[in-house]
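Subject: Structure for you to look at

Hello,

Here is the structure I promised. Please open it alongside these notes.

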Amino acid sequence: MSTIETVAGTPVTAVRPRPVALLLPGQGAQRQAMAAGLYRAEPEFTAAVDEVFESMGDDGARVRADWLADRPRVPIDHVTRAQPLLFAIDYALGRLVLSWGIRPAALLGHSMGELVAATLAGVFGLDDAVRLVRDRVRRADAAPPGGMLAVSASPAELDDLVGGDLAGGDLAGGDLAGGDVVVGAVNAPRQTILAGRNGPLEKVAEILRGRGVTCRRVPSLTAFHSPLLEAVNAGSERLVAEVRTSPPDIPIYSGYTGALLRPDEVHDPAFWARQMVAPVMFWPALEALLAAGDFLLLEAGPGADLATLARRHPAVRGRRSVARTLLPGRPGPAEADRAAVRQAVEALRAEGHPVRAK
């Protein structure tokens, strides 16, 4: 079915229903009690998140307790909570969407979200994926103190302040920051994430503010996607090599290559092992996805960070594609989580998808 929409007086033809592509967020999207309003209220979500916690063993019980606690023992931004919880919540939300009879046409994850995408698509079994998550958490927890900074500028505008090679070669280098601050992610044409040691990162932030450039710290106590994790990441490839991989049964657009995941990458331990250190190219991956067709982009994770980024893309601004979320953009009461899911269901039905949900 086709409908005609009007954008600033210009007719736009949109085909319905647009296929669904899931966006799966990573570090920085976490917040206390994220998606907790769905726990025990949505059976499919509950079963999936419990499956992840059970696979984590004793660690899973402690992570779940802090997730649901009013006063968690370990803060949500600590790597031992943020990373496993983001994996669990993203995975459970993806499983919830699948339980509705929605077959995503594509998956696009950001950082930890790419490992979730690979699990939902069958590249990794859940237990093996959890092994990789736990190994990543253990290594990141041993990394030197650091952080991440979101900057309203392009990587080219930051050349004099940071080092690093976005092609994934020499990730070290740099001028002012002495190689301690690099581009960790390109989220949009003018949204860049920097990563590095806290001291040099604050120095860069001070200079940027002096130039009138907006920047803010990302909720992370670890400098993900930077050379600061090189030492602790050494040897991670051996564990990945022990894990069985299968071709994805849902296409995955990789935030590390900015393109459709290739068969050789699926089975390459080095590709997966480097993801904690390598920069994330979310915007190029989104551009590749939207160049393949028109989609209903559905963020299956806490908040609305990736959907907000996607709304900057010309294909979404022009309404050929649309970006929606499964959870509220801001923290709120448990009922807000359930209301947001109901709204997502109604949006899918309005699009023309037959949704098997109450």
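Y91 counts as buried, at 6% relative accessibility. Keep in mind that this is a predicted model. F87 is buried too, with a relative accessible area of 0%. The two residues form a stacked aromatic pair, 6.1 Å centre to centre with 5 degrees between the planes. F87 and Y91 sit four residues apart in helix 3, so about one helical turn separates them.

The count of aromatic pairs comes to five. Another pair is F271 with W272: ring centres 5.0 Å apart, planes at 85 degrees, so edge-to-face. Both F271 and W272 are buried. There is also an aromatic cluster, made up of Y39, F53 and W67.

Now the helix packing. Helix 1 covers residues 43-55 and helix 3 covers residues 79-99. Their axes come within 8 Å and cross at roughly 145 degrees. The crossing of helix 1 and helix 3 is right-handed. On the helix 1 side, the contact includes F45, V49 and F53. The contact residues divide into 13 nonpolar, one polar and three charged.

Helix 2 spans residues 58-68. Which of its residues are buried? They are G60, V63, D66 and W67. These cover an arc of only 130 degrees around the axis, so they lie on the same side of helix 2. The buried residues of helix 2 pack against helix 1 and helix 3.

Best wishes

Technical notes. Residues numbered from 1 in each chain as written. Predicted model: local features only at pLDDT ≥ 70, side-chain atom pairs only at ≥ 80, totals over all residues. Heavy atoms only, no water. Axes fitted to C-alpha atoms, helices over the stretch in contact; angles between N-to-C directions. Helix = DSSP H or I, 4+ residues; strand = E, 2+ residues; numbered from the N terminus. Left-handed = near helix turned anticlockwise from the far one by under 90°. Contact = heavy atoms within 4.5 Å. Nonpolar A, V, L, I, M, F, W, Y, C, P; charged D, E, K, R; others polar. Buried < 20%, exposed > 50% of the residue type's maximum accessible area, 1.4 Å probe, protein only. Arc of directions from axis to C-beta. Phe/Tyr/Trp six-rings, centres within 6.5 Å; stacked < 30°, edge-to-face > 60°.
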